[in-house]
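These are my notebook entries on one chain, taken in the order in which I looked things up.

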Amino acid sequence: MALQKQAGCAWIIDLGGAALFAWGIADGVAAAAAGHAVPAAAFGAMLGGGLVRAATAWGVPLLAVRGAQAATTPLRRSLVERLLGSGAAPSSGQSAVLAIDHVATIEGYETRFVPARVAAAAAPLVAAAIIACTSLVAAAILIGTLIPFVLGMILAGTAARRASERQLEALGDLSDLFVDRVRTLPILRHFAAEERIARQVGTATREVAARTVAVLRVAFLSSAVLEFFSALAVALVAVYCGFGLLGLLPFPAPETLTLRDAFFALAMAPEFYLPMRRLAAAYHDKQLGEAARTAIAAVPEVLAPAAAPAMFVGVEAKALVIAWPGRTIGPVSLSIGTSGLLALTGPTGSGKTSLLAAIAGQIAPSDGSLRFLSPEEAPPSLPAAFPSRLREGSESCTAWAAQHPLILPGTLRDNLALAAPDASDADLLAAIDRVGLAPMLARRGTGLDLPLDHRGSGLSGGERRRLGLARALLANRPLLLADEPTADLDADSAAAITALLRAIATERAVIVATHDPRLIAIADSEVTL
């Protein structure tokens, strides 16, 4: 904000250049009217004034842009963290509008409106003071027209703010609709819904256009108010100065004007409203910027993710809440030590995956507490085999078997090696065998060289989940988080995975999100969302 204020102050300095230029013109005109040669000082004043104005015209945008970037960079970083760190983040379209369009709108507000506002707060009074040095009446005329102008701008500004908020809302809806329809395009084509979707997008587009026109209508109205009072002020000053010089005023002359004084006052009169013109030109940026800030303010702040100690002895959550406007997950309380199986249950959409992500440190809670227990809180005796599996560093505490595991283009070996880069082929094959993928590889006959694309084409949903579980086992972390590990599996495969998780839970902590009654039945504890 400091650089933007400096830019606004530079616009005030610009008035000095304008005054110098106007004085050079007035002095030259007065000398020419008296039949004298135009003095060199007049040319020097005009040249100096022009250079000052050129310097400010170059420096003000430079300062404003740098200040705006300094102000929006931390905002963008914070917003991205809040969007990615919220368990119930908005849709991709809305998130893109918030993180990209709204931040760019605020940058425009900081670049154009803030300097103009700083200048408009003082520059008209400075201009009036400069004019008052030659004509008090001309300065009074300009100030008198400023009062109704301010009232008119307030009324126009109120309408512009409402229109801008509606425009940004419609733009977000259109972006959300477009991203969603593009993502599901194959399904839409399969059901021959192209025409209906085209109508939906067309309706949303027309809504954005209509609200944009409403914003422009108000912007033109505010510009008309400004131009009316600006033209009225200059006209009144011109009439007063002209009639004063001719001695035709219908009332006794309140002051004695020379041609130099009158011409200087007339030349400076447009400068009185120039800061207001700049402010009016940036007023649309103000309304959009404030509407964007309001939308961004609705994105909740998130607490810092829990930091894990060097030695894992358990994790505990108390009254944990993950919140998003219109949706709240929790409060949830749970606790697990160095071993055991905890099942997170609840209907689809209740927040099981979000809670797992919070424990993994992928998102941060909005309220409550989530912490890894310190070594001092460890039970008197740890399982004998457990300490050998501990690794130093908080990033090494958790293994994640996602519902939709990440698969990179490459081979099966490449994807498994993401969790254990130094693992041998024998280790990889052992993990595959533990999760029941060995028969699939035997049928394919490709072994670890099985080619995979980013979607895991050729693997069923259950096979992709077991690939994620194998990768989590290879990571060899003391806390295993598994999201619906038995979904999309036949009864025998699900039973095998259930038995595997039960065996793993004897040596490390396991938290699963599941609907499977067999897996819930063998859990040591259950937390229902």
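Does Trp23 count as buried, partly exposed or exposed? I find that Trp23 counts as partly exposed because its relative accessibility is 35%, where buried means under 20% relative accessible area, exposed over 50%, and partly exposed in between (1.4 Å probe, protein chains only).

Before going on I note that this is a predicted model, in which local features need pLDDT of at least 70 and side-chain atom pairs count only at pLDDT 80 or more, while totals for chains, interfaces and linings use all residues. Residues are numbered from 1 along each chain as its sequence is written, and side-chain values use heavy atoms, with hydrogens and water left out.

Entry: the aromatic pair. I searched the whole structure and got one aromatic pair. Trp23 and Phe264 form this pair, which is edge-to-face, with 5.7 Å centre to centre and 75° between the planes; rings of Phe, Tyr and Trp (its six-membered ring) pair if their centres lie within 6.5 Å, and planes under 30 degrees apart count as stacked, over 60 as edge-to-face and the rest as tilted. Because Trp23 lies in helix α1 (residues 2-33) and Phe264 in helix α7 (residues 259-281), the pair ties together parts that are 241 residues apart in sequence. Phe264, at 5% relative accessibility, counts as buried.

Entry: the chain overall. I looked up the secondary structure and noted 15 helices and 10 strands, these being DSSP runs numbered from the N terminus (helices H or I, at least four residues; strands E, at least two). Of the 529 residues in the chain, 45% are buried. Among contacts between residues at least 6 apart in sequence, 80% join residues at least 24 apart, a contact meaning heavy atoms within 4.5 Å.

Entry: helix α9. I checked residues 352-359, which make up α9, and seven of the eight are buried. The buried ones include Lys352 as well as Leu355, Leu356 and Ile359. Just after α9, Gly361 takes a positive phi of about 85°.

Entry: the cavity. I searched the whole structure for cavities of 30 Å³ or more and got one. On a 1 Å grid over the protein atoms alone, a cavity is a set of points where a 1.4 Å probe fits but cannot get out, a pocket is an open set with protein on both sides within 12 Å along at least five of seven lines, and lining residues have an atom within 4 Å of a point. The largest cavity holds about 30 Å³ of space, a volume being the space filled by probe spheres set on the points, which are joined across faces, edges and corners. Its lining consists of Ala401, Ala402, Arg465, Leu469, Ala482, Asp483 and Pro485, with α13 (461-475) and β8 (479-483) each supplying at least two residues.

Entry: the second largest pocket. I noted about 230 Å³ of space here, and among the lining residues are Trp400, Ala401, Ala402, Leu418 and Arg471. α13 gives the most to this lining, with four residues, and β5 (398-401) supplies at least two.

Entry: Leu98. I placed Leu98 in helix α3 (residues 92-132), where it is buried with a relative accessible area of 9%. Val80 is 18 residues from Leu98 in sequence and 9.0 Å from it in space, C-alpha to C-alpha.
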